[in-house]
Amino acid sequence: MDKAGDTQAFVGLMSGTSLDGVDGVVADIATDGTWQGVRAHAHEPFDAALREELLALNRSGPDEIHRAALAAQGVSRAYARVVARLRQAAPDRPIRALGAHGQTVRHRPELGYTAQLLAPALLAELTAVDVVADLRSRDLAAGGQGAPLVPVFHQAVFGRPDRAVAALNIGGIANVSVLNPGQPPRGFDCGPGNVLMDLWCQRHTGQPYDKDGQWAANGRIREDWLTLALADPYFALPPPKSTGRDLFHAQWLEGWLQRCQALQGGDTTSPTALADVQATLCELTARSSADAVRGQSPQATELIVCGGGAFNSQLLRRLQALLPGVAVASSTTRGLPPEQVEAAAFAWLAWASVNRRPGNDPAVTGAAGPRILGAIYPA
């Protein structure tokens with residue numbers, strides 16, 4: 001295939017639950033939807049004020065409609081700056097459209113709604129590119145969870161014709177995709193990814209995350225504390241299911257810590273205990289993710305890990321220990337670096353929307369059927 005002649009360039013933009021900023025890619029996608037690869041990648045962290053406001057808007061507060069509108073403009077301007085950098089990196093590729101997720105601040109599929117902050121008309125104005133936004137609401141309207149949307153893309157880039165593979169995206173929340181040969185993909189949110197670990201790390205070290213999982217590696221996994229965490233009803237729910245900061249937030253962490261302290265030897269405040277909390281939170285992500293893989297894809301021989309959690313060596317070590325016989329590896333080994341995967345998925349979803357192809361999978365989200373996702377804001 002002539003890559004230049006038979007493909008178009010789509011931009012994908014993603015800012016996830018971890019609130020670490022915006023990742024963007026320019027992706028080449030064939031006219032029939034076949035994935036061709038990433039041509040350029042750019043990342044921009046959120047400035048501290050915008051990050052704090054986005055975090056605050058995950059909870060009810062004063063004047064939140066006004067504040068959310070201004071935050072949506074801030075997110076859109078950050079997105080536009082990433083698009084400008086992508087154009088500099090790939091100046092020879094005109095962009096057909098961009099898929100923009102926006103910043104999720106509420107996700108309540110049980111009530112039929114999800115909220116992502118974005119000003120897509122402003123983004124179209126700033127970039128002079130067709131913007132595909134609001135990518136979750138149609139699936140929700142059809143009775144689905146609106147998430148995860150990435151398993152169809154995971155199937156396209158990570159699926160194998162001869163063996164079962166699982167893909168695990170570890171952002172703020174962890175979600176798994178089950179990729180069996182000759183079958184449609186399945187997937188769901190396993191539970192917390194980095195969100196609780198990051199909260200604890202920020203609180204006690206002043207760092208935004210536990211680099212390489214070093215702090216967790218120095219702690220002791222407390223099985224009694226872990227049992228309390230895994231008792232949360234979410235983990236026992238069957239798929240389809242999805243979650244976010246609406247459940248796994250600072251209040252969840254505080255409630256769990258109080259229950260841990262009530263146990264014999266349950267001190268969580270000494271320097272040693274602080275590291276034990278981090279080790280146990282890391283194990284919560286690893287254990288809930290491994291349980292999901294074993295429960296839904298017992299025949300998988302390969303687990304492809306992407307998202308920020310793929311850079312946490314301690315987390316990957318724990319996943320490998322919990323999944324003997326499964327080769328646990330970063331998505332880099334399959335040609336797509338972990339920080340690019342979700343943005344690439346939204347580039348593909350933009351392709352699907354522009355070409356009026358379904359972007360969801362009812363087996364994943366529980367929707368009544370395949371649906372074309374997104375609203376298009378012309379340049």
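A: Arg39 is partly exposed, with a relative accessible area of 33% (buried means under 20%, exposed over 50% and partly exposed in between, for a 1.4 Å probe and protein chains only). The model is predicted, so that local features need pLDDT of at least 70 and side-chain atom pairs count only at pLDDT 80 or more, while totals for chains, interfaces and linings use all residues. Residues are numbered from 1 along each chain as its sequence is written, and side-chain values use heavy atoms, with hydrogens and water left out.

The partner of Arg39 is Asp28, and the closest N and O atoms of this salt bridge are 2.9 Å apart (a side-chain nitrogen of Lys or Arg within 4 Å of a carboxyl oxygen of Asp or Glu). Asp28 lies in strand β2 and Arg39 in strand β3, eleven residues apart; strands (E, at least two residues) and helices (H or I, at least four) are DSSP runs numbered from the N terminus. Asp28 counts as buried, at 1% relative accessibility.

A second pair is Arg96 and Asp130, at 3.3 Å from N to O, with Arg96 in strand β4 and Asp130 in the loop between α3 and β7, 34 residues apart.

Glu254 and Arg203 also meet in a salt bridge, at 2.4 Å, and because Glu254 lies in helix α9 and Arg203 in helix α6, the pair ties together parts that are 51 residues apart in sequence. Salt bridges that share partners, moreover, join Asp28, Arg39, Asp92 and Arg93 into one network, and the structure holds 18 salt bridges.
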